[in-house]
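Dear colleague,

I am handing over a structure to you with this email, and I would ask you to look through it before you read on. My notes on what was found in it follow below.

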Amino acid sequence: MSSRLTAEFLGTGVLVFGGYGAAIFSAKVVASNTMNMGIGFLGVALAFSLTVLAMVYAVGHISGGHFNPAVTLGAALAGRVEWKAVPAYMVTQVVGASAAGLVLFAIASGKHGFDPVSSGYADRSPDGYSMLAALLAEIILTAVFLYVILGSTGERAPRGFAGISIGLTLTLIHLVSIPITKTSVNPALSPGVAWFAGPDALGLVWRFIAAPLIGSAIAGMTYPLLFASPLIDAALQAGEGKPNPTLTQDATKAEAIAGNGAK
């Protein structure tokens, strides 16, 4: 379990550092006081997706590559992850996000006039959307994200492409929701940086914890009902090829084999 938690800590930390780092440092870069050389919404969306893509392939084979309490909850509800691992995964993800948030805050504070509230830390709607709109967007987009993850990592999915589909989906999610909520769909990311934005930001974080968890629960409970195919699953299990690893099932089996071999 320790290797899985280390992978989740690293993956979540890199996700926060890469994604929020792009938003804080690079989204708007004014050259010569006239021209914006920043990466904008598209660049930030790509930054989040590229970090997920990289870390899924880097450590996903160890922990399943969740980096997100909503993914962990949805996967557990869908029967992809053992429930006993859920609390440790979630705590580790929040700690990893907070550690990365601290590093970002330390770097960003080195620039004169840095304001964490206006620089991407605070969870406020950039375009003035209501709380209800923000909650609805986070619930729906997190559910979509989970459907893609569960589908891409299922035994019937093509092998080796899950990271690509997950990363591209995260790009789309950010392009849709950055103007609405600055995008969370991850209950670890928002508190990970909101610690450093003052009490007002922390007072708003609950919606970015509750809404993604609701969305992931919807997807996790409905995916097996909507897309289960007992005949195909039975054929895959009886076939000659090995089933495609799904989330942390592969890591769990590997740990069991390693433990038995060490005895």
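**What was found**

Leucine 46 lies in helix α2 (helices, H or I with at least four residues, and strands, E with at least two, are DSSP runs numbered from the N terminus). Please keep in mind that this is a predicted model, in which local features need pLDDT of at least 70 and side-chain atom pairs count only at pLDDT 80 or more, while totals for chains, interfaces and linings use all residues. Residues are numbered from 1 along each chain as its sequence is written, and side-chain values use heavy atoms, with hydrogens and water left out.

Leucine 46 counts as partly exposed because its relative accessibility is 36% (buried means under 20% relative accessible area, exposed over 50%, and partly exposed in between, with a 1.4 Å probe and protein chains only). Together with Phe41, Leu42, Leu50 and Leu175, Leu46 makes a nonpolar surface patch of about 460 Å², to which helix α2 gives the most, with four residues. A patch is made of residues with over 30% relative accessible area and no salt bridge, where like charges are joined within 9 Å and nonpolar side chains (Val, Leu, Ile, Met, Phe, Trp, Tyr) within 5 Å.

*The protein as a whole*

The secondary structure comes to ten helices and two strands, and from the N terminus on the elements run α-β-β-α-α-α-α-α-α-α-α-α. Of the 263 residues of the protein, 46% count as buried, and the protein exposes about 12,400 Å², of which carbon and sulfur atoms supply 71% (accessible areas come from the Shrake-Rupley method with a 1.4 Å probe, and for residues only the protein chains shown count as cover). Among the contacts with a separation of 6 or more, 80% are between residues 24 or more positions apart, where contact means heavy atoms within 4.5 Å.

*The inside*

Which residues touch the most other members of the largest nonpolar core? In this core of 32 residues they are Val16, Tyr20, Phe48 and Phe145, and the elements that give two or more residues to the core are α1, α2, α4, α5 (131-152), α6 (162-181) and α7. The largest share, six residues, comes from α2. A nonpolar core is a set of buried Ala, Val, Leu, Ile, Met, Phe, Trp, Tyr and Cys residues joined through side-chain atoms within 4.5 Å.

If neighbours within four places in sequence are left aside, valine 16 is in contact with Gly21, Ala97, Ala100, Gly101, Leu104, Leu189 and Val193. Threonine 12, which is found in helix α1 (residues 2-26), is buried, since its relative accessible area is 0%, and with the neighbours within four places again left aside, threonine 12 is in contact with Phe67, Gln93, Ala97, Ala188 and Leu189.

Helix α4 (residues 86-108) has 23 residues and reaches 33 Å from its first C-alpha to its last, close to the 33 Å expected at 1.5 Å a residue; the expected span is 1.5 Å times one less than the number of residues. The buried residues of α4, among them Gln93, Ala97, Ala100, Gly101 and Leu104, pack against α1, α2 (40-63), α3 (69-77) and α7 (189-194).

*A salt bridge*

A search of the whole structure finds one salt bridge (a side-chain nitrogen of Lys or Arg within 4 Å of a carboxyl oxygen of Asp or Glu). In this salt bridge the side chains of arginine 4 and glutamate 82 meet at 3.0 Å, N to O. Because arginine 4 lies in helix α1 and glutamate 82 in the loop between α3 and α4, the pair ties together parts that are 78 residues apart in sequence. Arginine 4 is itself buried, as its relative accessible area is 2%.

Lysine 182 lies in the loop between α6 and α7, and although lysine 182 is not a glycine, it has a positive phi of about 70°. Valine 185 is placed in the loop between α6 and α7 and has a positive phi of about 45°, although valine 185 is not a glycine. Is each of them buried or partly exposed? Lysine 182 counts as partly exposed, because its relative accessibility is 27%, whereas valine 185 counts as buried, because its relative accessibility is 1%.

Finally, leucine 204 is found in helix α8 (residues 199-227) and counts as partly exposed at 22% relative accessibility. The C-alpha atoms of leucine 204 and alanine 194, which are ten residues apart along the chain, are separated by 9.0 Å.

With kind regards
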